[in-house]
Amino acid sequence: MPDTTPTDGPSPADGIRPDTLPTGGPWTGAAGRITGLGVSQGRAAGPVIRMAAPPRLPAPRTVADPGAEAAAVVKALGAVAADLAQRATAAHGEAAEILEALAMIADDPMLREEAEGRARDGLDAAHALDAAFTRHRDALAALGGYLAERAADLDDLKHRAVAFALDLPMPGLPSPGHPYVLVAEDLSPADTAGLGDDVLALITARGGPTSHTAILARGRGLPAVVACPEIAGVPDGTVVGVDGMTGEIAVGLTAEEAAEVRERDRAEKARLAASHGPGRTADGHPVKLLLNIGSAADLRPDAEGVGLFRTEFLFLDRKQAPTFEEQVAAYAEVFTQAETVIVRTLDAGTDKPLPFLGLPEEPNPALGVRGLRVDRLLPAVLETQLDAIAEAAKATGTQAWVMAPMVTTMGEASGFARRARAKGIARVGVMVEVPAAALRARRLLQEVDFLSIGTNDLAQYTFAADRQHSTLADLLDPRQPALLELIAMCAEAGREAGKPVGVCGEAAGDPLLAPLLVGLGVTSLSMAPVCVPAVREALAALTLQECRERARAALS
Ligand code: PEP
Ligand code: MG
C-alpha cells in the first residue's frame with residue numbers, strides 16, 4: 001500500500017498540553033507517552049482526528065429574533081443534506097445509496113417546515129430542530145416494521161443538524177481527506193465495519209480486549225488500542241505513534257519519528273510474511289492454524305481453513321433481513337476459496353446488535369436473548385440460514401461445517417444438531433462459551449461432531465466480567481487457571497471421544513497463550529489472519545512436551 005500519510009498536516013506541537021502528557025518513554029526523545037490496552041497488533045503513525053459524540057442539548061435560549069432562528073434551522077438542514085450528498089458521491093455501492101437517502105430525508109420539505117414553524121413560535125434553532133426530528137422519529141417508530149427501523153436514521157440526522165446549529169463538530173465518522181488515526185470514546189461494531197481506508201489506527205477511551213470492535217479491527221489488520229482514557233487530552237491534529245501490541249501511544253511525534261514508526265511496522269510485517277506452512281510444534285505435532293473471518297475479504301490464500309466465520313459481521317448495518325439468495329451468495333463466496341470452513345450461525349445480541357432482527361431492548365443483554373437463544377423468538381431466522389448454508393455447500397461441492405453460538409444445555413445442542421443434519425449439513429458442532437457447556441463437554445460431544453471454545457465469552461461468563469468493560473480487563477485475562485481448567489475439560493472430552501476441540505476466541509491468536517492451549521490438548525487454533533505468523537513461530541519453537549509443561553504450570 002502506498003504511504004499517503006501527509007507530511008504537511010498539522011504540526012505535532014500544535015495545541016499539545018505538555019502539563020497533561022508524560023514525557024520521555026521508549027519511543028523517541030521529545031514525544032510524550034500514554035498507554036491503553038493493545039488489542040490489534042501493528043504500528044502506525046499519523047494525525048489524530050476525533051469522532052465527535054452526539055451533541056448535548058443545552059437549556060433553551062431566550063429568543064430575540066425568531067426569524068433568525070428559523071433561518072438558522074434552514075441553514076443547518078441544508079448543511080447536513082449537502083454534507084451527506086457530498087459523502088455519497090465519494091462512496092460506493094450500498095454505502096452511497098444509504099448516504100443519498102439520508103441526504104434526501106434532511107432535505108425533506110415537511111421536516112423543514114415543521115422545524116422552521118417551531119423556531120417562529122419561539123424555540124431557538126437547536127431546540128426547534130430537536131423537536132421536529134423527535135416528532136417525526138416517534139411517528140415513524142409508531143408505524144412499526146420497516147418504517148420503525150428508519151427511526152435510528154432520524155436520530156443520526158437530528159444529531160448532525162443540532163450539532164451544526166450549536167456550532168459543534170458533526171458527529172459520526174470523520175472524513176478529513178487524508179489518512180488519520182481515529183480517536184473515539186467508543187465505537188460500535190457497525191462504525192468499525194464502515195471505516196474507510198484512510199483510517200491508520202484506532203484509539204478508544206473505553207472498550208475491552210475482546211469487544212467486537214477490537215475483533216473487527218484485528219480482522220482488518222488495523223492497529224488498535226482501547227481503554228485509553230488519557231487520549232481525551234490529546235488534541236485533534238497531534239501526530240501520534242500507535243503500537244497495537246503493547247498499547248503504547250507516543251504523542252507529538254516529529255515527521256522523522258513518524259516515518260520511523262511506519263518503517264518498523266513495514267519491517268515487522270515483512271519478517272512475519274516470510275513464515276509459511278501448516279502449524280506444528282518443534283517435534284512435528286500438527287495443530288491446525290485456522291482463520292477467524294467476517295467475510296470472504298478476510299481470507300488468505302495459504303490458510304489451513306476457516307475456524308470461525310462470524311456470519312453476523314456480514315449484516316451488522318442491515319436494516320432489513322438478508323434474503324436466502326444473498327446468504328447463499330455470501331457463504332458460497334467463502335466456500336469456493338477455502339477448504340474447511342466452520343460457519344457460525346448468527347450470533348446477534350448484546351454488543352453485536354443486528355437491527356433487522358428488531359430484538360426487544362433488555363436490561364441485561366449479555367445474559368439475555370443472544371446467539372442461539374434468538375431462535376426462541378425468531379425460529380425462521382435460523383431455519384433460513386441453515387437452508388442457505390446447505391444450499392451454498394451443495395452449489396460449491398463443499399462439506400459445510402456449522403456451529404451454534406452460546407449453547408448452554410444438552411437440549412439446545414441436540415436440537416441444533418438435529419435441525420442442521422436434517423438440512424444435509426455434514427458436520428455439526430457447538431461453541432463452548434458458557435461454563436455450563438464446558439462442564440458438560442463430554443455429554444455435548446455425544447450430540448455433536450466437534451466443539452469450538454469461544455474464550456472471549458467463556459471468560460466473560462466465568463468471571464462475571466463484561467467483555468467490553470475497560471476497567472475489568474484483568475479479570476478477563478485468559479491465563480487464569482479457572483478458564484484454563486474449563487478448556488482442559490473440553491480438550492479431554494474431545495480426546496476421549498476422538499472428536500476435534502478447537503479454540504476460536506482471541507486467546508488462540510496470542511503467541512504466548514497458543515502453546516499453552518496446545519499443551520492443554522486443543523486440536524486447532526482459530527484467529528484473526530494477522531495473528532497467524534506469530535502463532536506459527538511460537539509453536540514451532542516448542543515441543544509438544546514443552547507445551548504440556550507450560551499448561552501444567554499455568555493450571556497450578
Ligand atoms: C468468543 O466468544 O470467544 C467467540 C469466538 O465469539 P465472539 O467473540 O464472536 O463472541
Ligand atoms: Mg462469543
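This is a predicted model: local features need pLDDT of at least 70, side-chain atom pairs count only at pLDDT 80 or more; totals for chains, interfaces and linings use all residues.

Reader: Ok, back to lysine 158. Which helix is it in, and is it buried or exposed?

Author: Lysine 158 is found in helix α6, residues 151-165. Helices (H or I, at least four residues) and strands (E, at least two) are DSSP runs, numbered from the N terminus. At 13% relative accessibility, lysine 158 counts as buried. Buried means under 20% relative accessible area, exposed over 50%, and partly exposed in between, using a 1.4 Å probe and protein chains only.

Reader: How many helices and strands does the protein chain have?

Author: There are 19 helices and 16 strands in the protein chain. The radius of gyration of the chain is 25 Å, close to the 24 Å that the globule rule gives for 556 residues, so the chain is as compact as a globular protein of that length. That radius is taken over C-alpha atoms, and the globule rule is 2.2 Å times the number of residues to the power 0.38.

Reader: And what does the C-alpha trace span along its principal axes?

Author: About 80 × 60 × 40 Å. Of the 556 residues, 51% count as buried. Among contacts between residues at least 6 apart in sequence, 67% join residues at least 24 apart.

Reader: New topic: what coordinates the magnesium ion?

Author: The magnesium ion, ligand 2, is coordinated by Glu433 (OE) and Asp457 (OD), at 1.9 to 2.1 Å. Glutamate 433 lies in the loop between β13 (427-432) and α13 (435-439) and aspartate 457 in helix α15 (residues 455-462), so the pair ties together parts that are 24 residues apart in sequence. Donors are N, O and S atoms within 2.8 Å of the metal (3.2 Å for Na, K and Ca), and water is not among the atoms, so sites may look incomplete.

Reader: Is Glutamate 433 buried or exposed? And Aspartate 457, buried or exposed?

Author: Glutamate 433 is buried, with a relative accessible area of 2%. Aspartate 457 is buried as well, at 1%.

Reader: What about arginine 310, where is its place?

Author: Arginine 310 sits in strand β10, residues 306-310. Arginine 310 has a relative accessible area of 5%, which counts as buried. Leaving aside neighbours within four places in sequence, its contacts include His212, Asn456 and Glu506.

Reader: His212, ok. Which residues of α8 are buried?

Author: They are His212, Thr213, Ala214, Ile215, Leu216, Ala217, Arg218 and Gly219. Eight of the eight residues of helix α8 (residues 212-219) are buried, so this helix is largely enclosed by the rest of the structure. After α8 comes glycine 221, with a positive phi near 70°.

Reader: Which residue has a positive phi although it is not a glycine?

Author: Methionine 406 is one of them, with a phi of about 60°. Methionine 406 lies in the loop between β12 (401-404) and α12 (410-422), and counts as buried at 1% relative accessibility. Alanine 227 is another non-glycine with a positive phi, about 50°, in the loop between β6 (224-226) and β7 (239-243).

Reader: Last one: where does proline 176 lie?

Author: Proline 176 is in the loop between α6 and β4 (180-184). Proline 176 is partly exposed, with a relative accessible area of 32%. Not counting residues up to four places away in sequence, proline 176 touches Ile49 and Asp198. The C-alpha atoms of proline 176 and phenylalanine 463 are separated by 41 Å, and the two residues are 287 apart along the chain.

Key. Residues are numbered from 1 along each chain as its sequence is written. Chains are lettered from A and ligands numbered from 1 in the order in which they are written. Side-chain values use heavy atoms; hydrogens and water are left out. Contact means heavy atoms within 4.5 Å.
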